[in-house]
Number of protein chains: 2
Amino acid sequence: MKATLIHAARDIRLEEVADPRVVLPGDALVRVVASCICGSDLWPYRGIAPTDEPHRIGHEFVGVVEEVGADVATVAAGDFVIAPFARSCGVCAMCQRGVQTSCLNGGWWGETDRDGQFVDAGQGEYVRVPLADGTLVALSEQPDPALVPDLLALSDVMGTGHHAAVAAHVQTGTSVVVVGDGAVGLCAVLAARRLGADRVVIMSRNPARQELARAFGATDVVTERGDEGVAAVRDLLGGIGPDAVLECVGTEGSWQQAIGAVRDGGRIGYVGVPAENPSLPVRPLFSRNIAVGGGVAPVRHYIPELLRDVLAGRLRPGRVFDLELPLDQVAEGYAAMDERRAVKVLLRP
Amino acid sequence: MKATLIHAARDIRLEEVADPRVVLPGDALVRVVASCICGSDLWPYRGIAPTDEPHRIGHEFVGVVEEVGADVATVAAGDFVIAPFARSCGVCAMCQRGVQTSCLNGGWWGETDRDGQFVDAGQGEYVRVPLADGTLVALSEQPDPALVPDLLALSDVMGTGHHAAVAAHVQTGTSVVVVGDGAVGLCAVLAARRLGADRVVIMSRNPARQELARAFGATDVVTERGDEGVAAVRDLLGGIGPDAVLECVGTEGSWQQAIGAVRDGGRIGYVGVPAENPSLPVRPLFSRNIAVGGGVAPVRHYIPELLRDVLAGRLRPGRVFDLELPLDQVAEGYAAMDERRAVKVLLRP
């Protein structure tokens, strides 16, 4: 089959690799219907995260089950499934507590699993999915093809934006500022509104992204950054700032923006991958009673709830995909996202 | 009147100072019935926080109102009152949101207020209290003298321990580890149990404090520190660690202990004054989904709720005072706390 490998910074190739198959009794073999490129895939693409040797890449996909192992109980051949960006068993102490990203038996796509078997990554034609019962979410029937982008968004960005909003305790009447206008930030806007936020300010300088943010429910746009951005946010929100900031970038600068903007006693929900490993000074958080929550989103935990809304037509996160390419143009997809010509690229094998 | 001043590290003196009086229409003049020494007073006492010039000290007191200004509506001469460790107006956007420590009009004891008038500190005979309506909580009748230590604990340590537990979302069934066996840590044990925690582990090496922690409801004691302490906590709590850690110290070491001990997806409620200004690495918090909340406790917000339980005899935090001295022995009180001969010292003018 064909699958995507990253060889080095800015060197993305679609190559012929071994066909995966069911190996373990808990496995499912999934034919990928759609996958996509994540903002976090740009870290190695840009060389910010090193690539020591060529490896598979991609952690978001939806597809159809081709075959399952003998122990698989909740998905069957022919099922349309959503794969979250982390594998999880569904039964360990962490999965039971809704922290599937810390599953005691799980892991990531494109690595060797705990049984010593290679697990395919998402940007390919097929994937062997270990722990299929705990990892995959099967739909009860085949979805309308028009919903595929929305369903694919549940594999990462929508659940991640939702996690930021949940971690920041967004509820009816909460005022929210979203830092980051990438796919996750845009989904955070959608999530905040869905949870009842009445004011959602997006910080963005990009007209197309501003427009999408407004379509997702943003009530205000702030184009300034740094101290000016903080001042503009405070001006908009009663002079004190928002109840909640959703930090969807992960850099020192975005954290400064978040801490500067949030009101005293407010909450920062963060999901931006901390590629630069920023550190948080305790003193300002202490003196201003700012709470910080979030992290790598346990998307598996959220899929059932969000899926209901997608299937009911109440939640349409698929609009974050503004470029669709065949899988053999995956390298162009990376370039388009790197150059910010696209918010998020959907790939069809 | 007599009041306590700190002149330099380990130089505490009771001196004759100007008698305070009602100056502004929102003022109350309070005769101090009891005050106390805080663990945070030891930072300047030990020279860790610098003392540039002699100044008043003490931020916890209860007393009886002697006189009020023309605008004061909620307290009257003769009332027994509890003063939280921060002054607050009660009506600004921050006070309305329960963050009285960020009051737009408030401040601290022993400083000059926004009207240019000096505000006395707590370790003295009398205190001019600006913003009396927003700051003081009056009892509806004179309390039983035996309750004075419990009421005094509401001025800081009990509300602070409670804040840690609230910030860590402690509720029925939560498993909790408390880092710090000082008065705040001990009150955090009490608060966690009061909020429904079924397992409360105190990290302590001091037999007297362990005993008090058990009397306050701690179910387990861990004497190890560092990596051994983390391992011991995990062993006790299902191999994964507690749902919540209450960080009541504020040093790099105590933060490492807290982050090391808490389970993935858990919460750190912190109230330890960050005298060393520790910083938090985002990456481990991110990858493990650890939430961090707390800060300088808005004690004023919590007093009414906690006071009900104290008056009903359900909450007895006053046991943290294990040494009572007349005010003229205040210097000995500091020495006793510094040398850990006392958990917390109550002073009677």
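Analyst: A:W255, A:Y270 and B:F286 make up one aromatic cluster, where rings of Phe, Tyr and Trp (its six-membered ring) pair if their centres lie within 6.5 Å. This is a predicted model, in which local features need pLDDT of at least 70 and side-chain atom pairs pLDDT 80 or more, while totals for chains, interfaces and linings use all residues. Residues are numbered from 1 along each chain as its sequence is written, chains are lettered from A and ligands numbered from 1 in the order written, and side-chain values use heavy atoms, without hydrogens and water.

Over all chains, the ring rule gives ten aromatic pairs. In one of them, the ring centres of A:F85 and A:W108 lie 6.4 Å apart and the planes meet at 10°, so the pair is stacked; planes under 30 degrees apart count as stacked, over 60 as edge-to-face and the rest as tilted. This pair joins distant parts of chain A, 23 residues apart: A:F85 sits in the loop between β6 (80-83) and β7 (86-87), and A:W108 in strand β8 (residues 107-108). Helices (H or I, at least four residues) and strands (E, at least two) are DSSP runs numbered from the N terminus. A:F85 is buried at 9% relative accessibility, whereas A:W108 is partly exposed at 38%. Buried means under 20% relative accessible area, exposed over 50% and partly exposed in between (1.4 Å probe, protein chains only).

In chain B, seven of the nine residues of helix α12 (residues 330-338) are buried, so the helix is mostly covered. The buried residues are B:V330, B:G333, B:Y334, B:A335, B:A336, B:M337 and B:D338. These pack against β1 (2-8), β2 (11-16), α1 (42-45), β18 (323-326) and β19 (345-348) of chain B, with contact meaning heavy atoms within 4.5 Å. After α12(B) comes B:R340, which has a positive phi near 55°.

In chain B, three strands form an open antiparallel sheet in the order β2-β1-β4. Its edge strands are β2 and β4 (55-56) of chain B, each pairing on one side only. Two strands pair if DSSP finds at least two bridges between them; β1(B) and β4(B) have two, in the antiparallel sense. B:L5 stands opposite B:R56 of β4(B).

In chain A, the unreviewed UniProt entry annotates residues 183-308 as "domain: Alcohol dehydrogenase-like C-terminal". The end C-alpha atoms of this span lie 21 Å apart, and the span is 47% helix and 18% strand.

Key
UniProt positions are given in the numbering used here, feature names are shortened, and annotations may be inferred rather than shown by experiment.
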